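Please look at the sequence and the structure before reading on.

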Amino acid sequence: MNDEVLKMTSVVKRFAHHEVLRDVSLTLHRHEVVCLIGASGSGKSTLLRCANLLETIDGGDIELFGQSLLDPRIDPDLVRRHMGTVFQSFNLFPHLSVLENIALGPVRALKRPFDDVRDEAMALLARIGLQDRAREFPDRLSGGQQQRVAIVRSLAMRPSLLLLDEVTSALDPTLVGEVLDLLTDLATSGTTMLIATHEMSFARDVAHQVAFLDNGVLVEQGPPDQVFERPRHDATRVFLERVR
Amino acid sequence: MSSDTDAPASDAPPQLFASRRRLIFKGRNGLVASLTSSAALVAVILLILFATAGGQSFRFYFFNPHFLWIALRGDPVKAVSSVLGGIVTNIWIFLLCEVLVLFFGLVIAWVRITTTPLLVPFRLLATVYADIFRGIPFVLVIYIVGYGIPQLSLGALSNESPAVYGCIALTLTYSAYVSEVYRAGLHSVPHGQILAARSLGLTQYATMRRVVLPQAVRTVIPPLLNDFISLQKDTALVSLIGVVETSRAAQIGQETYFNGSFLTMSALLFLAMTIPMTRFTDHLIDRDREKRLAGAQ
Ligand SMILES: Nc1ncnc2c1ncn2[C@@H]1O[C@H](COP(=O)(O)OP(=O)(O)O)[C@@H](O)[C@H]1O
Ligand SMILES: [Mg+2]
């Protein structure tokens, strides 16, 4: 059985003449958690944006469930409905209540009736312990609460995978834990995730695969104990020593 | 030990009292001071108006009760139209143009910022349109439309009343201004909002409709209202192509009776229309600033 969800093959991405991704190949299997590590500016965000077609690529191929996303018949809006994306800066919609934030995608993109969606959204909020904040606006919540809402907002689309871009980097250190706990919880229940992160101990504990990106090159990839304990490349070793 | 500062060497407490001169303007004394100056100002104005020859003639020319009254009701015998009747024309022109401008301004702004390939030629057109109508003096636009269209033998379009041409000219010019206001508002929404909406699989249209527009409205309303205040006043310019609205009616009255009270009445009617809008706009701007200050603490 082929359980490849997302497969990037020799992806190249340039901004003008600056090659930001060079021949990057990465596969995400069903129920797998892959952590993407690397210095800032190494291309992690770009890679995630290429995956959900917010950027066009200049070479290689990206497949979702075996279908090439470069096919001209592909509708990017349909592709993105299968990929939940969570950003460093939450990007909750400030003019909508917490509940409406979660319901917007299912109602406006999937055209599902609001009544069904509301029940599901409330269940998601209960999962993160915020069911009694449903009617409030995002700016009433703490950063950690906002980011957890942003995560369940993407879950409400019932995506096949989640793309998470440094979702704890903008948070006060005391609030990082609650978000990582939610991600750990999702990983345990089998959510497929590609996570760009600087949280090395989280990557070590939760990831099935760790991929190290250095200046647009995917230098090393493997299970966490191998990448963290016995890195094969000098670049990886140098990076890990610096972040430790 | 010697020191070159002036700090008192002893334990004497520092001098903290305000000087005599400053005390005059402090506390209850401040209230007395402001009342005194207000009374003085009013007294000077009244003195000029009632005790000087210039003041008398000013009152007679601009605030003559007899002519103010004629201005209000008009004088059919001398073919002087009512300034009050005239303002009705200004009001309906304003209301009609406001609706049209809100709509066309949004369409132009929308076309200018969307990236749909289908709309590319229209985007260019909209940009050229906005540049042209923001660049030509309105007086010229109204002459071009008001005297030009009737010459073109375009069927019904060439046989409308001057008021209709006035509306067309106002709508053309103000849609260009307002499209810029909308465009600035749409650009004020952070890009992350658009990324988040598109990532949820919302189409470009749904992103605009559900995420960008509702957030842009807040930034757009004060400048929009400012443009509408100008629009209210510029309705007077349709008189240039022969519409007898309030300012033209006032001018006719002034020429007939050689008295400026007609102009005064017309100005008062304009103020009755614009001041509520000005106050409301300032109120919204202040409230928005307070909100932002509260958020930034
Ligand atoms: N829209 C863009 N235009 C030009 N250069 C960009 C753009 N986005 C990212 N880059 C460049 O691409 C490189 C990788 O950026 P990014 O993917 O954000 O890295 P990371 O997320 O790992 O910090 C950086 O050098 C950055 O300056
Ligand atoms: Mg990044």
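Which strand is joined to S1(A) by five bridges? The partner is strand S4 (residues 59–64) of chain A, and the two run antiparallel.

## Basis of the report

The model is predicted: local features need pLDDT of at least 70, side-chain atom pairs count only at pLDDT 80 or more, and totals for chains, interfaces and linings use all residues. Residues are numbered from 1 along each chain as its sequence is written, chains are lettered from A and ligands numbered from 1 in the order in which they are written, and side-chain values use heavy atoms, with hydrogens and water left out.

Helices (H or I, at least four residues) and strands (E, at least two) are DSSP runs, numbered from the N terminus. Two strands pair if DSSP finds at least two bridges between them.

Glu4(A) stands opposite His29(A) in S2(A). S1(A) and S2(A) form a hairpin with two residues between them, and Ala16(A) in the turn has a positive phi of about 55 degrees.

## The six-stranded sheet

Six strands of chain A form an open sheet with mixed pairing, in the order S6-S7-S8-S3-S9-S10. Strand S6 (83–86) and strand S10 (217–222) of chain A are at the edges; each has a single partner strand, so one side of each is left without a neighbour in the sheet. On average, neighbouring strands of this sheet are turned by 15 degrees against each other, direction ignored. Axes here are lines fitted to C-alpha atoms, for helices over the stretch in contact, and angles run from 0 to 180 degrees between N-to-C directions.

Strands of a sheet pair through backbone hydrogen bonds, either parallel or antiparallel. Strand S7 (residues 161–165) and strand S8 (residues 193–196) of chain A run parallel and are joined by four bridges; Leu162(A) has Met193(A) as its bridge partner. S3(A) and S9(A) also run parallel, with four bridges, and Ile37(A) stands opposite Phe212(A) in S9(A). S9(A) and S10(A) run antiparallel, with five bridges. In this pair, Asp214(A) stands opposite Val217(A), and the hairpin has two residues between its strands, with Asn215(A) in the turn at a positive phi of about 50 degrees.

## Helix H1 and the ligand

Helix H1 (residues 44–51) of chain A lies across S3, S6, S7, S8 and S9 of chain A, at about 150 degrees to S7(A). Where does the largest share of the shell around ligand 1 come from? H1(A) gives four residues.

The residues around ligand 1 include Phe15(A), His18(A), Gly43(A), Ser45(A) and Arg49(A); a residue counts as near if one of its heavy atoms lies within 4 Å. By class, the shell has three nonpolar, seven polar and two charged residues. Ala, Val, Leu, Ile, Met, Phe, Trp, Tyr, Cys and Pro count as nonpolar, Asp, Glu, Lys and Arg as charged, and the others, Gly among them, as polar.

Oxygen atoms of ligand 1 lie 2.6 Å from a polar backbone atom of Gly41(A), 2.9 Å from a backbone N or O atom of Lys44(A) and 2.5 Å from a polar side-chain atom of Thr46(A). Taken alone, ligand 1 exposes 560 Å², and the protein buries 61% of that; accessible areas come from the Shrake-Rupley method with a 1.4 Å probe.

Definitions and conventions: Contact means heavy atoms within 4.5 Å. A polar contact is a pair of N or O atoms within 3.5 Å; within protein, one must be able to donate a hydrogen and the other to accept it, and residues adjacent in sequence count only if both atoms are side-chain atoms.
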